[in-house]
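Please look through the sequence and the three-dimensional model shown below.

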Amino acid sequence: MATAEIKAVITAEDRASKTVAGFGNNINKASVAIGAGVAIAGAAVVAFGVDSFKAYSEAERATRMLEHAVVDVSHATKEQYQQTSDLADALEKKGVLDADNIRQGLAQLSTFGLSNKAVQALGGSLADLAVNQYGVSASGEQLADSANMIAKALNGQFGILEKSGIRFTEAQKAVIEIGTEEEKVADINEGFQQNLKYTNDIAKDTAEAGFARMQVKLENIKEEFGKVLSEGISPIVDEVDSFLERHPNAGQDAANGMKTAVDVLKQSIEGAALIV
């Protein structure tokens with residue numbers, strides 16, 4: 001074979017080798033990128049799962065708080081509890097607040113000796129006052145604070161509300177101080193309707209409400225997903241609890257076993273060092 005032909009073959013082989021090597025490098029880079037993408041996606045799924053479980057736990061807590069306050073504290077029926085819970089859902093759809101946060105407010109309002117009929121009648125004013133005082137993303141604690149303000153007003157203590165610019169007429173104050181529960185509730189609601197300019201339903205049509213409602217819907221999705229996770233985890237948790245009850249020293253036994261394994265490994269390493 002001529003020298004020129006040999007050089008041509010060598011050159012072709014070199015180019016082929018570089019092409020193959022480059023292809024291999026690209027595959028490696030792609031594999032790393034895919035691996036990183038999978039890891040990031042996996043982390044995102046785990047994070048969403050954790051957030052969802054937390055959201056469901058908080059929703060479950062709000063539900064149990066309301067049930068306890070309505071049934072055990074105010075001695076209403078299970079049916080009335082369900083009506084009160086449904087009211088929270090209706091107020092969420094009507095406006096901008098999260099139903100679980102409203103449930104916390106209704107639970108707080110149920111602890112002041114009011115009948116459940118009165119609590120339900122005040123539900124709209126509770127949501128309106130919370131939005132007026134704290135905005136479209138009022139939390140459960142802020143709904144509870146709003147309930148405290150209403151309870152004080154029902155007892156003739158209007159100071160906190162008046163500092164916020166919410167003033168009742170003298171006639172309304174008189175009825176609230178000495179009237180029947182039904183009359184007090186009616187005048188409280190009337191006073192709020194006259195004073196509150198930024199309410200749960202009015203806020204629904206504002207620009208900031210769009211983002212707030214999106215957050216509420218996303219939270220509801222998380223709660224549903226968290227419920228599925230909770231129901232899947234519960235049997236495992238129950239089984240672990242059952243095992244620990246049957247084997248109360250399991251934790252200590254495992255710790256002792258681990259310590260023994262570490263000691264053996266340490267001795268093996270030390271023995272190997274002496275031989276060297």
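Predicted model: local features only at pLDDT ≥ 70, side-chain atom pairs only at ≥ 80, totals over all residues.

Residues are numbered from 1 along each chain as its sequence is written, and side-chain values use heavy atoms, with hydrogens and water left out.

The protein contains eleven helices and zero strands. Helices (H or I, at least four residues) and strands (E, at least two) are DSSP runs, numbered from the N terminus. Of the 276 residues in the protein, 32% are buried; buried means under 20% relative accessible area, exposed over 50%, and partly exposed in between, with a 1.4 Å probe and protein chains only. A contact is defined by heavy atoms within 4.5 Å. Among the contacts with a separation of 6 or more, 65% join residues 24 or more positions apart.

At 66% relative accessibility, His75 counts as exposed. Most residues other than glycine have a negative phi. His75, although not a glycine, has a positive phi of about 60°.

How are helices α2 and α4 packed? Helix α2 (residues 78-94) and helix α4 (residues 116-134) meet at an angle of about 10°, and their axes are 10 Å apart. Axes are lines fitted to C-alpha atoms, for helices over the stretch in contact, and angles run from 0 to 180 degrees between N-to-C directions. The two helices α2 and α4 are therefore roughly parallel to each other, a term for angles under 35 degrees, with over 145 counted as roughly antiparallel, 65 to 115 as roughly perpendicular and the rest as oblique. On the α2 side, Gln80, Gln83, Thr84, Leu87 and Leu91 take part, and they meet Asn116, Gln120, Gly123, Gly124 and Ala127 in α4. By class, this contact of α2 with α4 has three nonpolar, seven polar and no charged residues. Ala, Val, Leu, Ile, Met, Phe, Trp, Tyr, Cys and Pro count as nonpolar, Asp, Glu, Lys and Arg as charged, and the others, Gly among them, as polar.

Two residues of α2 deserve a separate look. Thr84 lies in this helix and is buried, with a relative accessible area of 0%. Thr84 touches Leu66, Val70, Leu106, Asn116 and Gln120, not counting residues up to four places away in sequence. Glu92 also has its place in α2, and at 15% relative accessibility Glu92 counts as buried. The C-alpha atoms of Glu92 and Asn200 are separated by 8.6 Å, although these residues are 108 residues apart along the chain.

Helix α4 bends by about 40° at Gly123, where the bend is the angle between axes fitted to the seven residues ending there and the seven starting there. Buried residues of α4 include Val119, Leu122, Gly123, Leu126, Asp128 and Leu129. Gly135, with a positive phi near 95°, follows α4.

Finally, Ile166 is found in the loop between α6 (159-163) and α7 (170-178). Is Ile166 buried or exposed? At 2% relative accessibility, Ile166 counts as buried. Beyond residues up to four places away in sequence, Ile166 touches Leu129, Asn132, Gln133, Leu161, Phe192, Asn195 and Leu196.
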